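Hello,

Here is the structure I promised to pass on. Please open it and keep it in view while you read.

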Amino acid sequence: MADALEDFYAIIPAGGIGSRLWPLSRADAPKFLHDLTGSGASLLRQTWDRLAPLAGDQRIMVVTGRAHRAAVEAQLPGVADHNVVLESEPKDSTAAIGLAAAILRRREPDVVIGSFAADHVIGDARGFRRSVREAVAAARAGYIATIGITPTEPAIGFGYIHADGVALEVEGAATVHAVRSFVEKPDLETATAYLEEGNYLWNAGMFIARADVLLAEIGRTKPELLAGIEELAAAWDTSSRGAVVDAVWPGLEKIAIDYTVAEPAAAAGRMAVVPGDFDWDDVGDFASLAKLQSGGRANNLAVLGDGARILADSSSGIVVAHSQRLISLIGVEDIVVVDTPDALLVTTSANAQRVKGVVDALKISGRGDVL
(Lines give C-alpha, C1' and ligand atoms only; values in the text may rest on other atoms or scores of the structure.)
Protein backbone atom coordinates (compact mmCIF):
# COMPACT_ATOMS: atom_id res chain seq x y z
CA MET A 1 0.00 0.00 0.00
CA ALA A 2 1.32 3.41 -0.99
CA ASP A 3 0.85 5.07 2.41
CA ALA A 4 2.02 2.10 4.51
CA LEU A 5 4.95 2.58 6.87
CA GLU A 6 7.88 0.64 5.41
CA ASP A 7 9.48 -0.46 8.70
CA PHE A 8 6.22 -1.11 10.59
CA TYR A 9 4.62 -4.46 11.46
CA ALA A 10 1.27 -4.67 13.26
CA ILE A 11 0.55 -7.38 15.84
CA ILE A 12 -2.99 -8.34 16.82
CA PRO A 13 -3.15 -10.41 20.03
CA ALA A 14 -6.47 -12.26 19.71
CA GLY A 15 -6.84 -14.11 22.98
CA GLY A 16 -9.10 -14.34 26.01
CA ILE A 17 -12.79 -15.12 26.01
CA GLY A 18 -14.19 -11.80 27.24
CA SER A 19 -15.71 -13.37 30.35
CA ARG A 20 -17.70 -10.23 31.23
CA LEU A 21 -19.65 -10.77 28.00
CA TRP A 22 -20.76 -14.32 28.84
CA PRO A 23 -22.90 -16.07 27.61
CA LEU A 24 -22.49 -14.21 24.30
CA SER A 25 -18.72 -14.67 24.39
CA ARG A 26 -17.56 -18.27 24.89
CA ALA A 27 -14.30 -20.18 24.82
CA ASP A 28 -15.07 -21.42 21.29
CA ALA A 29 -16.51 -18.08 20.12
CA PRO A 30 -14.67 -15.31 22.00
CA LYS A 31 -15.52 -11.65 21.97
CA PHE A 32 -13.21 -10.68 19.11
CA LEU A 33 -15.02 -13.02 16.69
CA HIS A 34 -18.37 -11.26 17.20
CA ASP A 35 -19.89 -8.27 15.42
CA LEU A 36 -20.80 -6.05 18.38
CA THR A 37 -21.30 -2.84 16.42
CA GLY A 38 -23.84 -3.92 13.81
CA SER A 39 -21.34 -3.13 11.04
CA GLY A 40 -21.42 -6.61 9.57
CA ALA A 41 -17.78 -7.22 10.55
CA SER A 42 -16.35 -8.81 13.69
CA LEU A 43 -14.18 -6.79 16.06
CA LEU A 44 -11.17 -8.74 14.77
CA ARG A 45 -11.97 -7.86 11.16
CA GLN A 46 -12.47 -4.20 12.06
CA THR A 47 -9.06 -4.18 13.78
CA TRP A 48 -7.45 -5.65 10.66
CA ASP A 49 -9.13 -3.07 8.43
CA ARG A 50 -7.82 -0.22 10.62
CA LEU A 51 -4.26 -1.53 10.51
CA ALA A 52 -3.95 -2.60 6.87
CA PRO A 53 -3.45 0.97 5.54
CA LEU A 54 -0.60 1.46 8.04
CA ALA A 55 1.23 -1.84 7.65
CA GLY A 56 -0.06 -3.47 4.47
CA ASP A 57 -1.98 -6.74 4.68
CA GLN A 58 1.22 -8.79 4.36
CA ARG A 59 2.69 -7.16 7.47
CA ILE A 60 0.04 -7.96 10.08
CA MET A 61 0.69 -10.80 12.53
CA VAL A 62 -2.13 -12.39 14.54
CA VAL A 63 -1.41 -14.23 17.79
CA THR A 64 -4.28 -16.52 18.79
CA GLY A 65 -5.12 -19.88 20.35
CA ARG A 66 -4.87 -23.08 18.36
CA ALA A 67 -8.61 -23.64 18.75
CA HIS A 68 -9.38 -20.34 16.99
CA ARG A 69 -7.13 -20.72 13.97
CA ALA A 70 -9.87 -21.73 11.52
CA ALA A 71 -12.24 -18.93 12.60
CA VAL A 72 -9.47 -16.32 12.49
CA GLU A 73 -8.32 -17.35 9.03
CA ALA A 74 -11.92 -17.44 7.78
CA GLN A 75 -12.45 -13.86 8.94
CA LEU A 76 -9.03 -12.70 7.71
CA PRO A 77 -8.47 -14.39 4.34
CA GLY A 78 -5.63 -11.97 3.63
CA VAL A 79 -3.47 -13.05 6.58
CA ALA A 80 -0.28 -14.81 5.50
CA ASP A 81 0.26 -18.30 6.94
CA HIS A 82 3.66 -17.34 8.40
CA ASN A 83 1.96 -14.44 10.20
CA VAL A 84 -0.37 -16.62 12.27
CA VAL A 85 1.22 -17.43 15.64
CA LEU A 86 -0.66 -20.09 17.60
CA GLU A 87 -0.55 -20.35 21.38
CA SER A 88 -0.96 -23.85 22.84
CA GLU A 89 -2.40 -22.26 26.01
CA PRO A 90 -2.95 -18.64 27.16
CA LYS A 91 0.09 -17.05 28.79
CA ASP A 92 -1.06 -13.39 28.89
CA SER A 93 0.24 -10.47 26.89
CA THR A 94 3.99 -10.48 27.57
CA ALA A 95 4.45 -13.95 26.07
CA ALA A 96 2.11 -13.26 23.15
CA ILE A 97 3.49 -9.86 22.16
CA GLY A 98 7.07 -10.73 23.11
CA LEU A 99 7.10 -13.87 20.94
CA ALA A 100 5.66 -11.98 17.97
CA ALA A 101 8.29 -9.24 18.41
CA ALA A 102 11.10 -11.80 18.69
CA ILE A 103 9.98 -13.67 15.56
CA LEU A 104 9.72 -10.44 13.58
CA ARG A 105 13.09 -9.13 14.80
CA ARG A 106 14.77 -12.30 13.50
CA ARG A 107 13.12 -11.76 10.14
CA GLU A 108 13.76 -8.01 10.07
CA PRO A 109 16.24 -6.68 12.70
CA ASP A 110 15.20 -3.00 12.65
CA VAL A 111 11.43 -3.58 12.57
CA VAL A 112 9.06 -1.32 14.52
CA ILE A 113 6.15 -3.31 15.93
CA GLY A 114 2.78 -2.14 17.21
CA SER A 115 0.41 -4.26 19.28
CA PHE A 116 -3.33 -3.58 19.11
CA ALA A 117 -6.06 -5.61 20.83
CA ALA A 118 -8.43 -7.56 18.58
CA ASP A 119 -11.57 -6.63 20.50
CA HIS A 120 -11.71 -2.84 20.73
CA VAL A 121 -14.06 -0.47 18.90
CA ILE A 122 -12.67 2.70 17.29
CA GLY A 123 -14.99 5.01 15.38
CA ASP A 124 -12.46 7.40 13.84
CA ALA A 125 -10.05 5.16 11.92
CA ARG A 126 -8.30 8.15 10.34
CA GLY A 127 -7.62 9.73 13.74
CA PHE A 128 -6.38 6.39 15.02
CA ARG A 129 -3.92 6.02 12.16
CA ARG A 130 -2.69 9.59 12.66
CA SER A 131 -1.87 8.75 16.30
CA VAL A 132 -0.16 5.48 15.32
CA ARG A 133 2.08 7.33 12.87
CA GLU A 134 3.22 9.66 15.67
CA ALA A 135 3.80 6.69 17.96
CA VAL A 136 5.93 5.01 15.26
CA ALA A 137 8.03 8.18 15.01
CA ALA A 138 8.57 8.07 18.79
CA ALA A 139 9.48 4.37 18.55
CA ARG A 140 12.08 5.11 15.87
CA ALA A 141 13.60 7.61 18.31
CA GLY A 142 14.07 4.80 20.83
CA TYR A 143 11.00 5.18 23.03
CA ILE A 144 8.44 2.54 23.89
CA ALA A 145 5.31 4.40 22.84
CA THR A 146 1.67 4.00 23.69
CA ILE A 147 -1.52 5.76 22.64
CA GLY A 148 -3.56 7.13 25.51
CA ILE A 149 -7.20 7.99 24.98
CA THR A 150 -8.32 11.48 25.97
CA PRO A 151 -10.94 10.77 28.68
CA THR A 152 -14.50 11.97 28.20
CA GLU A 153 -15.71 11.02 31.69
CA PRO A 154 -14.27 9.87 35.04
CA ALA A 155 -14.37 6.19 34.07
CA ILE A 156 -13.39 3.69 36.77
CA GLY A 157 -13.18 0.66 34.45
CA PHE A 158 -9.90 1.72 32.78
CA GLY A 159 -6.34 2.15 33.90
CA TYR A 160 -4.83 5.60 33.39
CA ILE A 161 -1.58 6.98 31.98
CA HIS A 162 -0.08 9.97 33.80
CA ALA A 163 1.59 12.06 31.11
CA ASP A 164 4.20 14.75 31.56
CA GLY A 165 2.89 18.23 30.85
CA VAL A 166 5.69 19.08 28.41
CA ALA A 167 5.81 17.63 24.89
CA LEU A 168 8.90 15.66 23.83
CA GLU A 169 10.90 16.90 20.86
CA VAL A 170 10.47 14.03 18.40
CA GLU A 171 10.39 14.66 14.67
CA GLY A 172 7.09 13.55 13.20
CA ALA A 173 5.40 13.33 16.62
CA ALA A 174 4.18 16.79 17.56
CA THR A 175 1.90 15.69 20.41
CA VAL A 176 4.03 13.01 22.08
CA HIS A 177 4.74 13.34 25.83
CA ALA A 178 6.83 11.43 28.33
CA VAL A 179 4.91 9.03 30.59
CA ARG A 180 5.32 9.61 34.31
CA SER A 181 3.50 6.48 35.41
CA PHE A 182 0.73 3.98 34.74
CA VAL A 183 -2.09 4.01 37.27
CA GLU A 184 -4.43 1.10 38.09
CA LYS A 185 -8.21 1.48 37.84
CA PRO A 186 -9.14 4.31 40.26
CA ASP A 187 -12.23 4.97 42.35
CA LEU A 188 -14.68 7.65 41.17
CA GLU A 189 -13.24 10.42 43.35
CA THR A 190 -9.72 9.77 42.07
CA ALA A 191 -10.87 9.49 38.43
CA THR A 192 -12.70 12.82 38.75
CA ALA A 193 -9.51 14.43 40.07
CA TYR A 194 -7.58 13.01 37.11
CA LEU A 195 -9.96 14.68 34.67
CA GLU A 196 -9.69 18.00 36.46
CA GLU A 197 -5.88 17.89 36.40
CA GLY A 198 -5.84 17.14 32.67
CA ASN A 199 -2.60 15.15 32.28
CA TYR A 200 -4.25 11.73 32.57
CA LEU A 201 -5.29 9.50 29.66
CA TRP A 202 -7.08 6.16 29.47
CA ASN A 203 -4.74 3.22 28.97
CA ALA A 204 -5.91 1.46 25.80
CA GLY A 205 -3.17 -1.19 25.87
CA MET A 206 -1.56 -0.14 22.58
CA PHE A 207 2.24 -0.48 22.52
CA ILE A 208 4.54 0.61 19.69
CA ALA A 209 8.32 0.13 19.79
CA ARG A 210 11.33 -1.16 17.93
CA ALA A 211 11.24 -4.90 18.50
CA ASP A 212 14.75 -4.92 19.96
CA VAL A 213 13.87 -2.17 22.43
CA LEU A 214 10.70 -3.95 23.60
CA LEU A 215 12.54 -7.25 24.07
CA ALA A 216 15.37 -5.54 25.97
CA GLU A 217 12.79 -4.16 28.41
CA ILE A 218 11.32 -7.63 28.98
CA GLY A 219 14.86 -8.86 29.57
CA ARG A 220 15.46 -6.26 32.27
CA THR A 221 12.40 -7.26 34.26
CA LYS A 222 11.95 -10.96 33.38
CA PRO A 223 15.18 -12.43 31.99
CA GLU A 224 13.97 -16.04 32.26
CA LEU A 225 10.80 -15.21 30.35
CA LEU A 226 12.81 -13.47 27.63
CA ALA A 227 15.11 -16.49 27.36
CA GLY A 228 12.10 -18.73 26.73
CA ILE A 229 10.67 -16.32 24.19
CA GLU A 230 13.99 -16.13 22.32
CA GLU A 231 14.30 -19.94 22.30
CA LEU A 232 10.85 -20.19 20.74
CA ALA A 233 11.60 -17.46 18.19
CA ALA A 234 14.85 -19.14 17.14
CA ALA A 235 12.94 -22.31 16.27
CA TRP A 236 9.81 -20.69 14.88
CA ASP A 237 10.69 -20.65 11.19
CA THR A 238 12.36 -24.09 11.33
CA SER A 239 11.20 -27.70 11.31
CA SER A 240 11.83 -27.98 15.06
CA ARG A 241 9.11 -25.46 15.98
CA GLY A 242 6.58 -28.01 17.26
CA ALA A 243 8.98 -29.79 19.58
CA VAL A 244 10.37 -26.54 21.01
CA VAL A 245 6.89 -25.09 21.56
CA ASP A 246 5.81 -28.23 23.42
CA ALA A 247 8.92 -28.07 25.60
CA VAL A 248 9.12 -24.33 26.29
CA TRP A 249 5.65 -22.74 26.08
CA PRO A 250 4.10 -24.44 29.15
CA GLY A 251 6.89 -23.10 31.37
CA LEU A 252 6.57 -19.43 30.34
CA GLU A 253 5.49 -17.06 33.09
CA LYS A 254 1.94 -15.76 32.71
CA ILE A 255 2.13 -11.99 33.16
CA ALA A 256 0.73 -8.88 31.48
CA ILE A 257 2.97 -6.59 29.46
CA ASP A 258 1.86 -3.67 31.63
CA TYR A 259 4.00 -5.10 34.46
CA THR A 260 6.99 -6.31 32.44
CA VAL A 261 7.32 -3.37 30.05
CA ALA A 262 5.00 -0.39 30.49
CA GLU A 263 5.37 0.34 34.21
CA PRO A 264 9.15 -0.19 34.51
CA ALA A 265 9.85 1.66 31.24
CA ALA A 266 7.78 4.62 32.46
CA ALA A 267 9.67 4.67 35.77
CA ALA A 268 12.97 4.73 33.85
CA GLY A 269 11.89 7.52 31.47
CA ARG A 270 11.77 5.25 28.42
CA MET A 271 8.00 5.46 27.82
CA ALA A 272 6.20 7.99 25.59
CA VAL A 273 2.50 8.59 24.97
CA VAL A 274 0.55 10.06 22.08
CA PRO A 275 -2.83 11.49 23.18
CA GLY A 276 -5.56 10.00 20.99
CA ASP A 277 -8.68 12.10 20.49
CA PHE A 278 -10.57 9.41 18.55
CA ASP A 279 -13.59 7.51 19.90
CA TRP A 280 -12.49 4.30 21.62
CA ASP A 281 -14.24 1.58 23.60
CA ASP A 282 -12.90 -1.73 24.89
CA VAL A 283 -16.48 -3.09 25.17
CA GLY A 284 -15.51 -4.46 28.57
CA ASP A 285 -19.00 -5.46 29.69
CA PHE A 286 -22.67 -5.32 28.72
CA ALA A 287 -23.07 -1.82 30.16
CA SER A 288 -20.47 -0.48 27.73
CA LEU A 289 -22.03 -2.50 24.91
CA ALA A 290 -25.44 -1.00 25.70
CA LYS A 291 -23.92 2.49 25.69
CA LEU A 292 -22.17 1.79 22.40
CA GLN A 293 -25.34 0.48 20.75
CA SER A 294 -27.60 3.26 22.05
CA GLY A 295 -25.27 6.10 21.17
CA GLY A 296 -25.05 7.07 24.84
CA ARG A 297 -28.79 7.74 25.18
CA ALA A 298 -29.80 6.31 28.55
CA ASN A 299 -33.48 5.79 27.73
CA ASN A 300 -32.84 3.58 24.72
CA LEU A 301 -33.22 -0.19 24.54
CA ALA A 302 -30.44 -1.65 22.40
CA VAL A 303 -31.16 -4.93 20.63
CA LEU A 304 -28.54 -7.25 19.13
CA GLY A 305 -29.20 -10.49 17.28
CA ASP A 306 -30.42 -11.50 13.84
CA GLY A 307 -34.17 -12.02 13.89
CA ALA A 308 -34.51 -10.97 17.54
CA ARG A 309 -38.15 -11.09 18.73
CA ILE A 310 -38.54 -8.33 21.33
CA LEU A 311 -41.61 -6.63 22.79
CA ALA A 312 -40.72 -3.72 25.05
CA ASP A 313 -42.73 -1.14 26.96
CA SER A 314 -41.05 1.65 28.97
CA SER A 315 -37.78 -0.28 29.19
CA SER A 316 -34.11 0.56 28.66
CA GLY A 317 -30.82 -1.29 28.55
CA ILE A 318 -29.76 -4.02 26.17
CA VAL A 319 -31.11 -7.34 24.88
CA VAL A 320 -28.84 -9.78 23.06
CA ALA A 321 -31.01 -12.48 21.48
CA HIS A 322 -29.42 -15.57 19.96
CA SER A 323 -32.44 -17.85 20.27
CA GLN A 324 -35.86 -17.71 18.66
CA ARG A 325 -37.59 -17.03 21.97
CA LEU A 326 -39.92 -14.05 22.25
CA ILE A 327 -38.59 -11.69 24.94
CA SER A 328 -40.98 -9.21 26.53
CA LEU A 329 -39.82 -6.36 28.79
CA ILE A 330 -42.22 -4.15 30.73
CA GLY A 331 -41.16 -1.20 32.87
CA VAL A 332 -37.54 -2.24 33.52
CA GLU A 333 -34.64 0.22 33.36
CA ASP A 334 -30.99 -0.47 32.55
CA ILE A 335 -31.74 -4.16 32.08
CA VAL A 336 -29.30 -6.62 30.52
CA VAL A 337 -30.78 -9.76 28.96
CA VAL A 338 -28.60 -12.19 27.03
CA ASP A 339 -30.54 -15.15 25.64
CA THR A 340 -28.71 -18.05 23.99
CA PRO A 341 -29.92 -21.59 23.30
CA ASP A 342 -28.21 -23.04 26.38
CA ALA A 343 -27.81 -20.12 28.82
CA LEU A 344 -29.75 -17.04 29.92
CA LEU A 345 -28.25 -14.02 31.69
CA VAL A 346 -30.38 -11.35 33.36
CA THR A 347 -28.71 -8.49 35.22
CA THR A 348 -28.50 -4.68 35.20
CA SER A 349 -25.99 -2.27 33.74
CA ALA A 350 -24.81 -1.37 37.24
CA ASN A 351 -23.90 -5.01 37.90
CA ALA A 352 -22.46 -5.81 34.48
CA GLN A 353 -18.87 -6.10 35.78
CA ARG A 354 -19.99 -8.93 38.09
CA VAL A 355 -20.70 -11.27 35.17
CA LYS A 356 -17.09 -12.46 35.38
CA GLY A 357 -17.97 -13.84 38.82
CA VAL A 358 -20.62 -16.06 37.23
CA VAL A 359 -18.01 -17.44 34.83
CA ASP A 360 -15.62 -18.11 37.71
CA ALA A 361 -18.39 -19.89 39.64
CA LEU A 362 -19.24 -22.04 36.60
CA LYS A 363 -15.59 -23.08 36.30
CA ILE A 364 -15.44 -24.07 39.97
CA SER A 365 -18.70 -26.02 39.74
CA GLY A 366 -17.49 -27.95 36.71
CA ARG A 367 -20.06 -26.47 34.32
CA GLY A 368 -17.56 -26.03 31.51
CA ASP A 369 -20.19 -27.13 29.00
CA VAL A 370 -21.67 -23.62 28.97
CA LEU A 371 -18.36 -21.76 28.90
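This is a predicted model: local features need pLDDT of at least 70, side-chain atom pairs count only at pLDDT 80 or more; totals for chains, interfaces and linings use all residues.

Two packed helices are described by the angle between their axes and the distance between the axes. Look at α7, residues 223–236, and α8, residues 241–248. They pack at an angle of about 165°, and their axes are 8 Å apart. Angles over 145 degrees count as roughly antiparallel, so α7 is roughly antiparallel to α8. The crossing of α7 past α8 is left-handed.

Which residues make the contact? From α7 come Gly-228, Glu-231, Leu-232, Ala-235 and Trp-236. From α8 come Arg-241, Val-244, Val-245 and Val-248. By class, that contact has 6 nonpolar, 1 polar and 2 charged residues.

**Asp-339**

Next, find strand β16, residues 335–339, where Asp-339 lies. Is Asp-339 buried or exposed? Its relative accessible area is 1%, so Asp-339 is buried. Its side chain makes a polar contact with the side chain of Ser-323, at 2.6 Å. Beyond four places in sequence, Asp-339 is in contact with several residues, including Val-320, His-322, Arg-325 and Leu-344.

**Ala-173**

Now go to the loop between β7 (160–167) and β8 (177–183), which holds Ala-173. Ala-173 has 1% relative accessibility, so this residue is buried. Leaving out residues up to four places away in sequence, Ala-173 touches Glu-134, Ala-137 and Leu-168. Compare Ala-173 with Arg-130: they are 43 residues apart in sequence, and 9.7 Å apart in space, C-alpha to C-alpha.

Best wishes

Technical notes: Residues are numbered from 1 along each chain as its sequence is written. Side-chain values use heavy atoms; hydrogens and water are left out. Axes are lines fitted to C-alpha atoms, for helices over the stretch in contact, and angles run from 0 to 180 degrees between N-to-C directions. Helices (H or I, at least four residues) and strands (E, at least two) are DSSP runs, numbered from the N terminus. Angles under 35 degrees count as roughly parallel, over 145 as roughly antiparallel, 65 to 115 as roughly perpendicular and the rest as oblique. A crossing is left-handed if the near helix is turned anticlockwise from the far one by less than a right angle, and right-handed if clockwise. Contact means heavy atoms within 4.5 Å. Ala, Val, Leu, Ile, Met, Phe, Trp, Tyr, Cys and Pro count as nonpolar, Asp, Glu, Lys and Arg as charged, and the others, Gly among them, as polar. Buried means under 20% relative accessible area, exposed over 50%, partly exposed in between (1.4 Å probe, protein chains only). A polar contact is a pair of N or O atoms within 3.5 Å; within protein, one must be able to donate a hydrogen and the other to accept it, and residues adjacent in sequence count only if both atoms are side-chain atoms.
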